[in-house]
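Dear colleague,

I am handing over the structure we spoke about. Please look it over; my notes on what was found in it follow below.

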Amino acid sequence: MDRFLLIYRGPPHGAAESWQHDPQRWADWFATLGSRVLDQGALSHGSVDMDTRLAGPKSSSSSLAGYSVLAATDFNEAVKLAEQCPIFDEQGALEIAHLA
């Protein structure tokens with residue numbers, strides 16, 4: 001099994017009040033994935049951008065909402081596992097990265 005990082009993206013910065021997060025729905029989804037969940041991860045409560053080391057941090061306009069790590073045989077299986085993710089019902093999206 002390979003490891004895949006799921007990066008959750010929520011509504012744009014400043015629109016967080018419209019985000020309807022349902023923790024039970026996430027718990028149910030993780031339960032259906034069973035041992036495929038290597039790390040449930042965490043939600044993000046804000047972030048800063050650092051374009052260069054000299055410029056220093058600045059408020060991020062990113063919609064970074066959190067992450068999880070799943071086990072899957074390949075990208076196709078990782079996508080299939082992610083298709084039922086609750087982020088899609090919360091005005092969000094996700095990105096999948098194959099970890100080395």
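**Notes on the model**

W26 and W29 lie 3 residues apart in helix α1 (residues 23-33), so about one helical turn separates them. Their rings form an edge-to-face aromatic pair, with 6.0 Å from centre to centre and 90° between the planes. W26 and W29 are both buried. The two belong to a cluster in which ring pairs link Y8, W26, W29 and F30.

Please keep in mind that this is a predicted model. The mean pLDDT of the protein is 85, and 76% of the residues score at least 70. Confidence is highest in helix α2 (residues 75-82), at a mean of 97, and lowest in strand β4 (residues 58-59), at 60. Where pLDDT is low, the predicted coordinates should not be read in detail.

Next, the strands. Strand β5 (residues 64-72) has 7 of its 9 residues buried, and is therefore largely enclosed by the rest of the structure. Which strands does β5 pair with? One partner is strand β1 (residues 2-9), which runs antiparallel to β5 and is joined to it by 8 bridges. Within this pairing, F4 has L70 of β5 as its bridge partner. Another partner is strand β2 (residues 37-43), also antiparallel to β5, with 4 bridges between them. Here D39 is bridged to V69 of β5.

Searching the whole structure gives 5 aromatic pairs. One of them is formed by F4 and F75, edge-to-face, with 5.2 Å between the ring centres and 65° between the planes. This pair links distant parts of the chain, since F4 sits in strand β1 and F75 in helix α2, 71 residues apart.

- F4, which has its bridge partner L70 in β5 and forms an aromatic pair with F75
- the cluster of Y8, W26, W29 and F30

Best regards

Note on methods
Residues are numbered from 1 along each chain as its sequence is written. This is a predicted model: local features need pLDDT of at least 70, side-chain atom pairs count only at pLDDT 80 or more; totals for chains, interfaces and linings use all residues. Side-chain values use heavy atoms; hydrogens and water are left out. Buried means under 20% relative accessible area, exposed over 50%, partly exposed in between (1.4 Å probe, protein chains only). Helices (H or I, at least four residues) and strands (E, at least two) are DSSP runs, numbered from the N terminus. Two strands pair if DSSP finds at least two bridges between them. pLDDT is the predictor's confidence in each residue, from 0 to 100. Rings of Phe, Tyr and Trp (its six-membered ring) pair if their centres lie within 6.5 Å; planes under 30 degrees apart count as stacked, over 60 as edge-to-face and the rest as tilted.
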